[in-house]
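Below is a short briefing on one structure, arranged by topic. Please read it alongside the sequence and the coordinates.

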Amino acid sequence: MALLTVENMTHSFGGLTAVRNYDLSISPGQIVGLIGPNGAGKTTIFNLITGIYAPDQGRVVLNGEDITGLRPHEIASRGLGRTFQDLRLWRHMTVLEHVMLARYSRLDYGMWGAFWGTPRRWRQEAAAEKKARELIAMLGLSHLADQVVINLPYGAQRRVEMARALALEPKVLFLDEPTVGMTPEELDQIIAIIKRVHRELGLAIFIIEHRLKFVMELCQRLQCLVFGEVIARGTPEEIQNDPKVIEAYLGEEKVA
Amino acid sequence: MTHFLQNLVNALQWGSFYALIALGYSMVYGILMLFNFAHGDIFMVGAYIGFGMASLLLALVAWGGLALPSWLILVLTILVSMFLTAIVGVIVERVAYRPLRDAPRASAAITGLMVGIILETGNLALLGASRVRFPSLIQSVTFDFGGVYVTNKKIMIVAVSISLMIALHQFVKRSKWGMAMRAMAYDYVVVPLMGVPLNTIAALTFGLGSALAAAAGILFSVAYPVLDPYMGIVFGWKAFVAAILGGRGSVLGATLAGFLLGFIEIFVAMVFPSTLRDLIAYSIILVILVFRPHGFFGEPYSARLRL
């Protein structure tokens, strides 16, 4: 049974249809890639599934539950974590605080505890911090845990975003162009990290990505989106040789 | 020297009022990018709720229903009024600001002015134009510290204010809600995507700010027991200045700037005729802002573009 399915999703902004009749099915543990030229509507699809916009039509089902039109925080705490194409970190908060805050929905203590401290609060926060530090270690950030994120190098900031998304204990992790602006060495590093996260946490991953090396190495299935419509879907090899995909990328950039 | 110390005590008291109100301004501004211009009137509402609460408790005592010492009445008045005023703040956010969250900031600011006028004139309609007198709950006792006279009221006002500021600081620094509030100040779009309900945090911010303003209102009434529906206006403006001077969303900044305002006002009045007090005091602050436009702890806006 699929972990996440999207059926027949359509959404318009004003008169412009940004996404048309979009379908998606991700099984547990699967890595699915979404490729397509700039402006095709890839990030809009992320925003629709994660609840930033409510789709005009269609249904989103996560783990058997219809989550269409739920608020972003409700969807996130049901097990959908994401990162952003343009890094969106909280500049002057530490790495640890970023990851801790994503445990918000699992920290259950009242106002009294928040102001004066209660054993219940300390217990819960200790557990959350332990979990956060495990994730920080998994992403190779332990030595930076107490640093303010604005001072970190770019590649580390990318990993902070991923650690934060993982702190939600997502069933499906959404990565929006995780390799944008990365050097080839950083690219190899992030591929290794995503493989490790995938193996150790056993989660499903949905990735928006351009770089062929990346999608070929990681994804089991690919979809190619052009002007809000999926023009091809299949294995990376099938997509790579699909004439429609090649045509869509001509004049834009090569698939490679 | 004793003259200086005497003024220092007064400055601490006035600084407490400004700082408590400035905190509410600063938190809302930091988190929602919104000037809540009704906040000075929330201070007034808090003082009136405190007046109602204290009168009610005193009436109950006089009727013989319950025997409470008057210091306990004051404590109860402060706590209950902080709670009720927090509810007023939450309602203001829900009714007046939440529908405008994505509207231009100017619309939201104007809404604040209108809410302020509604609170002032609503009070006028409810209680009439005559001023009310806050009941005297603690007997004034003056201590003489080598020529510096300090009343028990002043000590109480400063001590309660500083305790509240420390509690707020702990809350914002360490609790999950405080962390969410700080995160919202940096980038609020991603906060709900990490499982944090935005509306809860916004309501909480208004509630906390309003509770602090209510505390300021009652403490002010203890020192200067005459209340009128427009008492919040000048206080609101001055505390707003302190919030800006402290830096966007900075709890520490708003606190320090509130006290600084108190100090500047009192010490200007020590040297110059008191009619010139605000003219000179706020000219000084204007000069400070020219050199530090983002306030003491605010960060330059260009930083938003870098990350």
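This is a predicted model: local features need pLDDT of at least 70, side-chain atom pairs count only at pLDDT 80 or more; totals for chains, interfaces and linings use all residues.

Chain A is divided into domain 1 (1-79 + 170-256) and domain 2 (93-164). The contact between the chains takes 27 residues from chain A and 22 residues from chain B. The largest nonpolar core holds 172 residues.

**Domains of chain A**

- Between the C-alpha centres of domain 1 and domain 2 of chain A the distance is 27 Å.
- Seven residues of domain 2 of chain A are in contact with 11 residues of domain 1 of chain A.
- On the domain 1 side of this contact, helix H7 (residues 184-201) of chain A provides the largest share, seven residues.
- By class, that side of domain 1 of chain A has five nonpolar, three polar and three charged residues.

**Six-stranded sheet of chain A**

- Six strands of chain A form an open sheet in the order S6-S7-S8-S3-S9-S10, and the pairing is mixed.
- Strand S6 (80-82) and strand S10 (229-234) of chain A each have a single partner strand, so one side of each is left without a neighbour in the sheet.
- On average, neighbouring strands of this sheet are turned by 20 degrees against each other, direction ignored.
- Within the sheet, strand S7 (residues 172-176) of chain A pairs with strand S8 (residues 204-208) of chain A in the parallel sense, over five bridges.
- In this pair, A:Phe174 stands opposite A:Phe206 in S8(A).

**Four-stranded sheet of chain A**

- Another open sheet of chain A has four strands in the order S2-S1-S4-S5, with antiparallel pairing.
- Its edge strands are strand S2 (16-26) and strand S5 (65-66) of chain A, each of which pairs on one side only.
- Helix H1 (residues 42-49) of chain A packs on this sheet and touches strand S1 (4-13), S2 and S4 of chain A. The direction of H1 makes about 65 degrees with that of S2(A).
- Strand S4 (residues 57-62) of chain A and S5(A) run antiparallel and are joined by two bridges.
- A:Val61 stands opposite A:Asp66 in S5(A).

**Hairpin of chain B**

- Strand S2 (residues 142-145) of chain B pairs with strand S3 (residues 148-151) of chain B in the antiparallel sense, over four bridges.
- S2(B) and S3(B) form a hairpin with two residues between them. In the turn, B:Gly146 has a positive phi of about 55 degrees.
- B:Phe145 stands opposite B:Val148 in S3(B), and B:Thr142 stands opposite B:Thr151 in S3(B).

**Contact between chains A and B**

- Chain B gives 22 residues to the contact and chain A gives 27 residues.
- On the chain B side, helix H5 (152-174) and helix H6 (176-186) of chain B each supply at least two residues.
- H6(B) gives the most to that side, with seven residues.
- By class, the side of chain B that touches chain A has 16 nonpolar, three polar and three charged residues.

**Largest nonpolar core**

- Of the 172 residues in this core, B:Ile21, B:Ala22, B:Ala180, B:Ala215 and B:Ala242 touch the most other members.
- Domain 1 (1-79 + 170-256) and domain 2 (93-164) of chain A both give residues to this core, so the core lies between them.
- Leaving aside its neighbours within four places in sequence, B:Ala242 is in contact with B:Tyr18, B:Ala19, B:Ala22, B:Ala254, B:Ala257, B:Gly258 and B:Leu261.

**Two single residues**

- A:Asn151 is found in the loop between helix H5 (119-138) and helix H6 (154-166) of chain A.
- A:Asn151 counts as exposed because it has 11 C-beta neighbours inside 10 Å, and the cut-off for exposed is 12 or fewer.
- The C-alpha atoms of A:Asn151 and A:His92 are separated by 8.8 Å, although the two residues are 59 residues apart along the chain.
- B:Ile288 is found in helix H10 (residues 277-291) of chain B.
- With 15 other C-beta atoms within 10 Å, B:Ile288 is partly exposed.
- B:Ile288 and B:Leu245 are 43 residues apart in sequence, and their C-alpha atoms are 8.3 Å apart in space.

Key. Residues are numbered from 1 along each chain as its sequence is written. Chains are lettered from A and ligands numbered from 1 in the order in which they are written. A nonpolar core is a set of buried Ala, Val, Leu, Ile, Met, Phe, Trp, Tyr and Cys residues joined through C-beta atoms within 7 Å. A residue is buried if 20 or more other C-beta atoms lie within 10 Å of its own, exposed if 12 or fewer, and partly exposed in between; C-beta atoms are placed from the backbone. Domain bounds come from an automatic or database domain assignment. Two residues are in contact if their C-beta atoms, placed from the backbone, lie within 7 Å. Two strands pair if DSSP finds at least two bridges between them. Axes are lines fitted to C-alpha atoms, for helices over the stretch in contact, and angles run from 0 to 180 degrees between N-to-C directions. Ala, Val, Leu, Ile, Met, Phe, Trp, Tyr, Cys and Pro count as nonpolar, Asp, Glu, Lys and Arg as charged, and the others, Gly among them, as polar.
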